[in-house]
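Please look over the sequence and the structure shown below before reading on. The report then takes up the model as a whole and two of its residues.

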Amino acid sequence: MSKEKYFLKDVIKKISPKGRQLERKAQAVIARINAGLKNNGINAVTVAGGSVAKGTYLKADHDIDLFVKFDMSYRAVSYTHLRAHETVLDLVCRLLLEK
């Protein structure tokens, strides 16, 4: 085996995650979000995106890109409209996301 191939094999071994723990955790989170959407009568589905969806995430990388796909029947509303109907939980989530 050439030095280059040995080097690449070693690098891949070091950066590749063992097992599929992150994917299993992502699926558990997605299932909870989807259950919450369904329980609240929201016609939408959450899906994984990015490196987790493609199975290309790195060993020390622990972020998950999640997307909520809403049914096209939902109409757009302004940010001001959303803020006017904001609950305490919504406010906490928004403030956390704005950090």
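## Confidence of the model

The structure is a predicted model, and the protein averages a pLDDT of 80, with 91% of the residues scoring at least 70. Among the elements of the protein, strand β1, formed by residues 44-49, has the highest mean pLDDT at 91, whereas helix α4, formed by residues 79-84, has the lowest at 69. Where pLDDT is low, the predicted coordinates should not be read in detail.

## Fold and overall shape

The protein has five helices and two strands, and read along the sequence these elements follow the pattern α-α-β-α-β-α-α. The radius of gyration of the protein is 19 Å, well over the 13 Å that the globule rule gives for 99 residues, so the protein is more spread out than a compact globule.

The C-alpha trace of the protein spans about 65 × 25 × 20 Å along its principal axes. When contacts in the protein between residues at least 6 apart in sequence are considered, 51% of them join residues at least 24 apart.

Of the 99 residues in the protein, 10% are buried. The protein exposes about 8500 Å², and carbon and sulfur atoms supply 62% of this area.

## Thr-46, a buried strand residue

Thr-46 is found in strand β1, the element with the highest mean pLDDT in the protein. Is this residue buried or exposed? Thr-46 counts as buried because its relative accessible area is 3%, which is under the 20% cut-off for burial.

Leaving aside residues up to four places away in sequence, Thr-46 touches Ile-30, Ile-33, Asn-34 and Leu-37, and also Leu-66, Phe-67 and Val-68.

## Leu-89, an exposed helix residue

Leu-89 has its place in helix α5, which is formed by residues 88-98. With a relative accessibility of 60%, Leu-89 counts as exposed, because the cut-off for exposure is over 50%.

Asn-34, one of the residues that Thr-46 touches, also gives a reference point for Leu-89: these two residues, Leu-89 and Asn-34, are 55 residues apart in sequence, and their C-alpha atoms are 18 Å apart in space.

Technical notes:
Residues are numbered from 1 along each chain as its sequence is written. This is a predicted model: local features need pLDDT of at least 70, side-chain atom pairs count only at pLDDT 80 or more; totals for chains, interfaces and linings use all residues. Side-chain values use heavy atoms; hydrogens and water are left out. pLDDT is the predictor's confidence in each residue, from 0 to 100. Helices (H or I, at least four residues) and strands (E, at least two) are DSSP runs, numbered from the N terminus. Buried means under 20% relative accessible area, exposed over 50%, partly exposed in between (1.4 Å probe, protein chains only). Contact means heavy atoms within 4.5 Å. The radius of gyration is taken over C-alpha atoms; the globule rule is 2.2 Å times the number of residues to the power 0.38. Accessible areas come from the Shrake-Rupley method with a 1.4 Å probe; for residues, only the protein chains shown count as cover.
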